[in-house]
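Hi everyone, thanks for coming. Let's have a look at this one together.

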Amino acid sequence: MQVESSLYLKNIKPILQELLNSLLQKYKYASILATDSKSRLYNVSKRGTVITEDEIISGRGFVVRVYDGTSYCEYSFNEIDKERVPEILDKIENELITLKNVLPDGITESKFDIINDEPCEFNKSSEYETNPWQFGSSKIVDFLTKLSESGRAFDEKILDCSASITCQQYHKLFLSGNKDMEQNILWTTGLIMMMASRGEEVKYYYKSYSNLGGTELLKEMENDISSVAKTTLELLESKPIKPGEYDCICAPDVSGVIAHEAFGHGVEMDMFVKKRALAEKYIDEYVASPLVTMHDGAAAAKETGSYMFDDEGVPAQDTVIIDKGILKRGISDVQTALRLGTTPTGNGRRQSYERKAYTRMTNTYFEAGKDKVEDMISSIEYGFLLENCTSGMEDPKNWGIQLMVNIAREIKNGRLTGKVYSPVVLTGYVPDLLKSISMVSDKVKLSGSGFCGKGYKEWVKVSDGGPYIKARIRLG
Amino acid sequence: MIDKILSGLNRNNISTYLINEEIVESVELFFIKKQLDTRRKKDVHHYSLTVYNDFEKDGRKMRGSSKIGIYNGMTDDEISKAIHEAYYAASFVCNPYYEIPAGKKEEPVVLYNPEEAGTLAGVAGKMTEALFAEDKLNDVFINSAEIFVEKTTSHIINSNGIDVSYQKLAIKGEFVAQCIEPQDVETYMSFSYDKPDTEALKEKVKKTLEMTKARAAAKTAPPTGEYKVILSGRYVKEIFTYYLMRSSAGLIYPKYSNYELGMNVQGENVTGDALNITLKAKVPYSIEGIPMKDRPLLENGVLKTIHGNSRFSYYLGIEPTGTYDCIFIPKGTKTFDEMKTGEYLHVVSFSDFQMDELSGYFSGEIRLAFLCDGKSVTPVTGGSINGNLLECQKDIVLSKEMQVEEGYEGPFAISLPKVSVAGK
């Protein structure tokens, strides 16, 4: 099934077109992004049951971008009808354009060329098997309740089992002088998280699920309670790791966050403009092992970071960032491409219509290699299998990387010993880490359960992943 | 719109509800070096509705709830249908019964008066001037910055008579300081004020530029080992989020936290500073309309308040206070210089500092630290710290010097003994 178009956007489109026409009479470039989005979060745990919308990813609203002949400015709003159009035009002219007048001495305005408004018209939709809103709250809550209760009943040491799903169905309409694009997307994510206590300390483990689709995802969650519970209980026996540099095998979720933090954020080209990314100086140079090929793109995979056009009206692409170890190119939004004289890559994204567009990732991953996971483990004399990444942070300026990993499984003489260390901080210099990759497994797994921030804000839905990789990594 | 929502509730015979209305107006400026890159303005109006559905299950009284957004452009029929679906969904939410707060119509509280503070655009201009006031050196400078000046009017209505509102100002933003020589490094810094505090922003920029210059001189990671670690700046607040979270009804009810009123959460035989923490009310009402006021959280390490929303507070049989996210801690027992005696590692910047309120673990990759071997001080970068507050909370020492960060007023620095460091 395909996600249907928004009736609201269809009804409001003539008014938006009228607003756009008025803007184009005054400004050389103008565009409007209209959004109609609904979401729902279901969660069942010992704390109770929750059904709520996720306010960050829900709502109806608009953002206008205009070019005043020198630079670009934007007006976000969410109330419009035919009578309000003159008021909106007045605010843009008299309150937005004039904002540059508040600048103190010594602060000037940037100068930009006009956006190349390439003609493009389409209306596309993602597909699903079961729509969460049609599937219904009753069945979803019932399913999650059974999962949560069976998790809690697994062992008396289990403190809680939280089971949840989140879904977003959004519709976006992009209008400019030459563009009339509409897209309709549905994604769903799931999470099982269990907690067990060791005195005052609470240990937890999670397994996440995601798709570009609907509640067909629930089938994947059905049979995992036992494995999540066993791993949570294993963590009760875990110890802090002895700091040092080790041979490590990263599970796909850890590989994915390495890709995301290392050369995802590192090649966001708005950072090139600000001279905040070292990668700008290393285009066409080896930055990783020849075993490494890395992609980003809304069209590079079918996951939660997928769409048909970005929030600036640029069609989705599949960008090869690293090709066999060589850094090839970065990703960019429109304004960044204007500054750098490059072509935008369909990575201009907003947290919502209320926020600015930045260069952002979409689906970011390492390509598969040829190795078997068993052979990778056998190849390690002493080291760790790293699983269950809980957070990551980039440092594009100095190519540092930090990941928090929940589980380090000890490997001795090519075998897993059963000993578990937790929590573990993975740090290092990105090229050292990527150049040390010596084995890559033959299957890729992407996960789109999380959101990505720009610094500490501007959350957008992304996926990342890859195969198992073997590398030399500093753990603490 | 409020009338339309009330009408939709009536049409569906729903008698228990909570409506949150929020009007946000903002001015946003984005800079690259000393050039304005983009300017933005925002005018949005949001409504959310929580409906409650009372029913019995297995002889037990239940109160389910479901929260939805009501969007501009929705017709009366669309609103009524959305409310109907939310009420139906709430019938599957099997939460034990609890009472929602009661109140009456109150006069609006104005925390932001444009006649005193100035227009949003005017405030943005003043803060821009303050942001760049200290940016006058050649070797270290502001690489880029963002300023958000936001006026928010919050209105809370519920079926138990609450009808309250308040208006506030928030000035938020971030900047990146860069130093090119002897090596190219940067420091990210955020700021948040509820009034146009130009002096505080100037001071923050000045300190960040100095810190960035110091980082440019740091080349190696500290040796692996155990250190007395000193944290300063915003990381001190992060450490104390542990106590704020562990004392919330939402964590105590499901037993994620073992805190009880009267419990000495720091444990017996505290050799460092006994903790005194006050919960600060940043806004006059919680999201449910519960009046908020300053309350003692810890007195000499003893838990005095469990804070939380109406549901978890009812389950625990305590007064609902609203959920707090701001704390005050009085000055500690040692000056910052006294803390820096003997061997220590003073971390002033992390890539990302994590404080896990469930496990007590804190960790982060070091972007800049000062390593003292007891004689000389060397700037270091790289490696990570990994410690557990449960193991060192009896021995923490707080500085006499104070600071103000978003959601925190308290000591500028904290000393933590025997923290594991993974370095060179």
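I'll start with chain A and then move to a pair of helices in chain B.

Quick housekeeping: this is a predicted model, so local features need pLDDT of at least 70 and side-chain atom pairs count only at pLDDT 80 or more, while totals for chains, interfaces and linings use all residues. Residues are numbered from 1 along each chain as its sequence is written, with chains lettered from A and ligands numbered from 1 in the order in which they are written.

Okay, chain A. It has 11 helices and 26 strands; those are DSSP runs, H or I of at least four residues for helices and E of at least two for strands, numbered from the N terminus. Its radius of gyration is 24 Å, close to the 23 Å from the globule rule for 476 residues, so chain A is as compact as a globular protein of that length. That radius is taken over C-alpha atoms, and the rule is 2.2 Å times the number of residues to the power 0.38. Along the principal axes, the C-alpha atoms of chain A fill a box of roughly 70 × 55 × 40 Å.

Now, chain B. How do H1 and H2 of chain B cross? Helix H1(B), residues 2-11, and helix H2(B), residues 76-90, have axes that come within 9 Å and cross at roughly 55 degrees. The axes are lines fitted to C-alpha atoms over the stretch in contact, with angles from 0 to 180 degrees between N-to-C directions; contact is C-beta atoms, placed from the backbone, within 7 Å. H1(B) and H2(B) are therefore oblique to each other: not under 35 degrees (roughly parallel), over 145 (roughly antiparallel) or 65 to 115 (roughly perpendicular). Among the residues that meet are B:Ile5 and B:Leu9 in H1(B), and B:Ile79 and B:Ile83 in H2(B).

Technical notes: Two residues are in contact if their C-beta atoms, placed from the backbone, lie within 7 Å.
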